[in-house]
Amino acid sequence: STILVLHGPNLNMLGTREPEVYGYETLSDIDDRLKDTAAAHGHHLLHLQSNAEYELIDRVHEARAEGVDFIIINPAAFTHTSVALRDAILAAGIPFIEVHLSNVHAREPFRHHSYFSDIAEGVICGLGSHGYDLALQAALQRIHR
Ligand code: DQA
């Protein structure tokens, strides 16, 4: 099976961006680890980070055409703004888990609402990059069912 990991805007800055909030690991540290885990279970893991909303939307459309089985997405700031990315995921009909490094509920009120949580299989936040590993474990289990 194929799992797609999508990272929204500014996550390319991980490791140097407010490390006390987001941690010291880089995005490639995280993506490499997820790829290894998926491969160890006999699955493919693809990933994309983009600062552009339309690139994430286009990637979701392609994912449907490619037959991607599961999406793990940290929409970053688009979490709180993007009806368009929400609609893309709904249109693709691919099950997904929403991940946030930080505990968005313990932060500014504008981070408390997500355009994704009500349509996600599950939501993980506040556990740093470990949240992606937990999401992948859940995705692997769901793929096997
Ligand atoms: C984030 C939380 C968002 O509110 C923020 O805009 C981000 C990262 C997180 O992973 O904690 O860019 O999605």
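1. A crossover is right-handed if, with the strands pointing away from the viewer, the path from the first strand over the helix to the second runs clockwise. Strand S3 (residues 70–74), helix H4 (residues 83–92) and strand S4 form a right-handed β-α-β unit of this kind. Helices (H or I, at least four residues) and strands (E, at least two) are DSSP runs, numbered from the N terminus.

2. This is a predicted model: local features need pLDDT of at least 70, side-chain atom pairs count only at pLDDT 80 or more, and totals for chains, interfaces and linings use all residues. Residues are numbered from 1 along each chain as its sequence is written.

3. S4 pairs with two strands (a pair needs at least two DSSP bridges). S3 and S4 run parallel and are joined by three bridges; Ile-73 has Glu-98 of S4 as its bridge partner.

4. In S4 (residues 96–100), five of five residues are buried (20 or more other C-beta atoms within 10 Å of the residue's own, C-beta atoms being placed from the backbone; exposed is 12 or fewer, partly exposed in between). Phe-96, Glu-98 and His-100 point one way, Ile-97 and Val-99 the other.

5. The axes of H2 (residues 27–40) and H5 (residues 130–144) come within 10 Å and cross at roughly 20° (axes are lines fitted to C-alpha atoms over the stretch in contact, and angles run from 0 to 180 degrees between N-to-C directions). H2 is therefore roughly parallel to H5 (under 35 degrees; over 145 is roughly antiparallel, 65 to 115 roughly perpendicular, the rest oblique). Ile-30, Leu-34, Thr-37 and Ala-38 of H2 make the contact with Tyr-132, Asp-133 and Leu-136 of H5 (C-beta atoms, placed from the backbone, within 7 Å).

Terms used:
Two residues are in contact if their C-beta atoms, placed from the backbone, lie within 7 Å.
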